[in-house]
Amino acid sequence: ATMGTGVLALALAQLPVHIPGIHVFAEGLWLFNIVLFILFSVLYGARWVLYFDEARRIFGHSTVSMFFGTIPMGLATILNGALVFGVERWGTGVLPWVEALWWLDVALALLCGVAIPYLMFTRQEHSIDQMTAVWLLPVVAAEVAAASGGLLAPHLTDVHRQFQVLITSYVLWAVSLPVAFSILTILTLRMALHKLPQASMAASSWLALGPI
């Protein structure tokens with residue numbers, strides 16, 4: 001929900017044609033996206049507090065655990081929106097907050113990109129006929145964080161911090177992309193051997209567009 005709402009706000013703000021009121025509508029979507037992200041974060045945090053035993057079962061689930069990657073990717077749309085809408089509305093004073101949140105996003109993306117594959121290797125049960133494009137979610141989070149870093153760097157005035165953000169973004173991109181394309185290769189093989197996924201997972205095929 002936050003990934004889709006956030007990216008729609010960013011896309012509308014960058015349309016190459018002028019439509020009266022579209023920028024205001026896009027900014028409203030971005031603000032609404034912040035509310036959604038906070039709401040869902042509170043609700044998910046409450047689940048861990050109130051239903052800890054049930055919540056931790058996600059680590060053993062071969063499909064649902066992949067969606068941890070959507071958390072840093074949803075946060076990235078908010079950060080990118082802050083550069084498009086926030087700086088314009090509140091000035092450069094928001095940049096330190098954006099930079100701090102970006103480093104949090106980096107940490108979450110790397111955690112997903114390492115921890116989820118580790119769980120796949122050690123605790124979960126997988127087979128190639130059950131594979132879908134959701135395998136990409138924890139891996140592509142680092143690539144999204146890298147793209148956000150590329151947008152953030154030009155806004156920073158300190159050259160040393162610019163360099164840190166840029167180099168970190170290159171590392172994130174290098175960590176994510178080879179693994180993502182490896183998964184896409186296996187996914188192509190899976191489609192040829194086992195045909196289309198079940199109807200409930202059909203929409204996941206669109207996820208392959210992300211790393212491409």
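Reply: Start with Glu 27, which is buried, with a relative accessible area of 8%. The model is a predicted one. The cut-off for buried is under 20% relative accessible area, so a value of 8% puts Glu 27 in that class. The side chain of Glu 27 meets that of Arg 89 in a salt bridge, at 2.4 Å from N to O. Glu 27 belongs to helix H2 and Arg 89 to helix H4, so this pair ties together parts that are 62 residues apart in sequence. In general, side chains of opposite charge can pair when their charged atoms come close.

A search of the whole structure finds three salt bridges. Another of them joins the side chains of Arg 161 and Glu 99, at 2.5 Å from N to O. Here Arg 161 lies in helix H7 and Glu 99 in helix H5, so the pair ties together parts that are 62 residues apart in sequence. Glu 99 is buried, at 10% relative accessible area, whereas Arg 161 is partly exposed, at 30%.

There is also a salt bridge between the side chains of Asp 53 and Arg 56, with an N to O distance of 3.8 Å. Asp 53 counts as partly exposed at 45% relative accessibility, and Arg 56 is partly exposed at 44%.

Neighbours within four places in sequence aside, Val 98 is in contact with Leu 79, Ala 82, Leu 83 and Leu 152.

One is Thr 168, which sits in helix H7 and touches Trp 102, Trp 103 and Val 106, not counting residues up to four places away in sequence. Thr 168 is buried, with a relative accessible area of 19%. Another is Ser 148 in helix H6, whose contacts beyond four places in sequence are Ala 76, Asn 80 and Trp 102. Ser 148 is buried as well, at 2%.

Phe 163 lies in H7 and is exposed, at 51% relative accessible area. Phe 163 is one of the residues making a nonpolar surface patch of about 650 Å², to which H7 gives the most, six residues.

Methods: Residues are numbered from 1 along each chain as its sequence is written. This is a predicted model: local features need pLDDT of at least 70, side-chain atom pairs count only at pLDDT 80 or more; totals for chains, interfaces and linings use all residues. Side-chain values use heavy atoms; hydrogens and water are left out. Helices (H or I, at least four residues) and strands (E, at least two) are DSSP runs, numbered from the N terminus. Buried means under 20% relative accessible area, exposed over 50%, partly exposed in between (1.4 Å probe, protein chains only). Contact means heavy atoms within 4.5 Å. Patches are made of residues with over 30% relative accessible area and no salt bridge: like charges are joined within 9 Å, nonpolar side chains (Val, Leu, Ile, Met, Phe, Trp, Tyr) within 5 Å. Accessible areas come from the Shrake-Rupley method with a 1.4 Å probe; for residues, only the protein chains shown count as cover. A salt bridge is a side-chain nitrogen of Lys or Arg within 4 Å of a carboxyl oxygen of Asp or Glu.
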